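Please look over the sequence and the structure below before reading on. The paragraphs that follow start at a pocket, then move on to the strands and the charged pairs.

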Amino acid sequence: MPARPGQASSPDWAAKQYGEPAGQVAAQRAARSSTVLGIPQGFTARQLARFARGARQLQRQAGLPDGDLVVHGSRVRGTARTGSDIDVALRVNDRTFFELSEKALARARPGTKLRDSMIRRINGNGQLSSFDLGSDFHRRRRDLLDAETPHKVQFSVLRIGGKLDTGPFRPLG
């Protein structure tokens with residue numbers, strides 16, 4: 001039975017349609033995969049605008065490829081606690097992700113713990129962290145983003161469809 005407009009994301013509708021447990025799962029999946037256009041928890045509209053400008057500038061200055069530049073995690077879900085960070089991600093396709101991964105891995109000597117941990121993040125999570133992107137990127141991130149927010153900033157490049165590529169997302173682009 002197709003959903004009527006305005007009812008597809010309602011937990012009550014999902015519970016009636018699929019039964020209580022399945023309805024809860026359906027509502028949770030819809031919430032996780034959705035794009036959020038509101039302001040992340042702990043930000044004002046003005047702070048978010050400055051932060052978004054800084055994130056786009058970081059992407060350009062660091063020579064990162066095009067992709068979906070987003071905020072995600074607890075601040076977007078509205079579940080942040082005192083001390084929670086702000087998670088920024090550049091979501092890219094498989095080809096772009098693995099090209100960036102090769103560049104990052106080229107900076108780490110084979111057989112080191114550093115390289116092994118990078119490979120685990122790349123293969124296991126579909127993630128490149130600020131640290132993996134190099135010291136120049138890390139410095140730029142600190143200069144352009146950390147100054148725009150009282151929250152610790154976590155920047156990652158995520159492979160679309162990877163383990164950590166979960167919403168909701170709030171676009172910054």
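Helix 5 (94-106) and helix 7 (135-144) each contribute at least two residues to the lining of the largest pocket. Helices here (H or I, at least four residues) and strands (E, at least two) are DSSP runs, numbered from the N terminus. The model is predicted, so local features need pLDDT of at least 70 and side-chain atom pairs count only at pLDDT 80 or more, while totals for chains, interfaces and linings use all residues. Residues are numbered from 1 along each chain as its sequence is written, and side-chain values use heavy atoms, with hydrogens and water left out.

The largest pocket holds about 240 Å³ of space. Its lining has 14 residues, and Ala 62, Gly 63, Leu 64, Leu 100 and Lys 103 are the closest to the centre. A pocket is found on a 1 Å grid over the protein atoms alone, as an open set of points where a 1.4 Å probe fits, with protein on both sides within 12 Å along at least five of seven lines; lining residues have an atom within 4 Å of a point. Grid points are joined across faces, edges and corners, and the volume is the space filled by probe spheres set on the points. Helix 5 gives the largest share of this lining, five residues. By class, the lining of the largest pocket comprises seven nonpolar, two polar and five charged residues. In this scheme Ala, Val, Leu, Ile, Met, Phe, Trp, Tyr, Cys and Pro count as nonpolar, Asp, Glu, Lys and Arg as charged, and the others, Gly among them, as polar.

What volume does the second largest pocket have? About 190 Å³ of space lies in it. The second largest pocket has 16 lining residues, with His 72, Asp 87, Gln 127, Ser 156 and Leu 164 nearest its centre. Strand 2, strand 3 (127-129) and strand 4 (153-159) are the elements that give two or more residues to this lining. Strand 4 provides the largest share, four residues. The classes in the lining of the second largest pocket are four nonpolar, nine polar and three charged.

His 72 also belongs to the strand pairing, where it stands opposite Phe 169 in strand 5. Strand 1 (residues 68-72) is largely enclosed by the rest of the structure, because four of its five residues are buried. Buried means under 20% relative accessible area, exposed over 50%, and partly exposed in between (1.4 Å probe, protein chains only). Strand 1 and strand 2 (residues 86-92) run antiparallel and are joined by five bridges; Leu 69 stands opposite Leu 90 in strand 2. Strand 1 and strand 5 (residues 169-171) are likewise antiparallel, with three bridges between them. Two strands pair if DSSP finds at least two bridges between them.

Strand 3 contains Ser 129. Ser 129 counts as buried, because its relative accessibility is 15%. Beyond its neighbours within four places in sequence, Ser 129 is in contact (heavy atoms within 4.5 Å) with Arg 121, Phe 155 and Ser 156.

Side chains of opposite charge can pair when their charged atoms come close. A salt bridge is a side-chain nitrogen of Lys or Arg within 4 Å of a carboxyl oxygen of Asp or Glu, and by this rule the count is eight. Arg 121 and Asp 132 form one, at 2.4 Å from N to O. Arg 121 lies in helix 6 (residues 113-125) and Asp 132 in the loop between strand 3 and helix 7, so the pair ties together parts eleven residues apart in sequence. Both Arg 121 and Asp 132 are buried.

Asp 94 and Arg 159 meet in a salt bridge at 3.3 Å, N to O. This pair links distant parts of the chain, with Asp 94 in helix 5 and Arg 159 in strand 4, 65 residues apart. Asp 94 is partly exposed, with a relative accessible area of 39%. Arg 141 pairs with Asp 146 in a salt bridge whose closest N and O atoms are 2.9 Å apart. Arg 141 counts as buried at 8% relative accessibility, whereas Asp 146 is partly exposed at 25%. Salt bridges with shared partners also join Asp 68, Arg 91 and Asp 165 into one network.

For the chain as a whole, the secondary structure comes to seven helices and five strands. Of its 173 residues, 41% count as buried.
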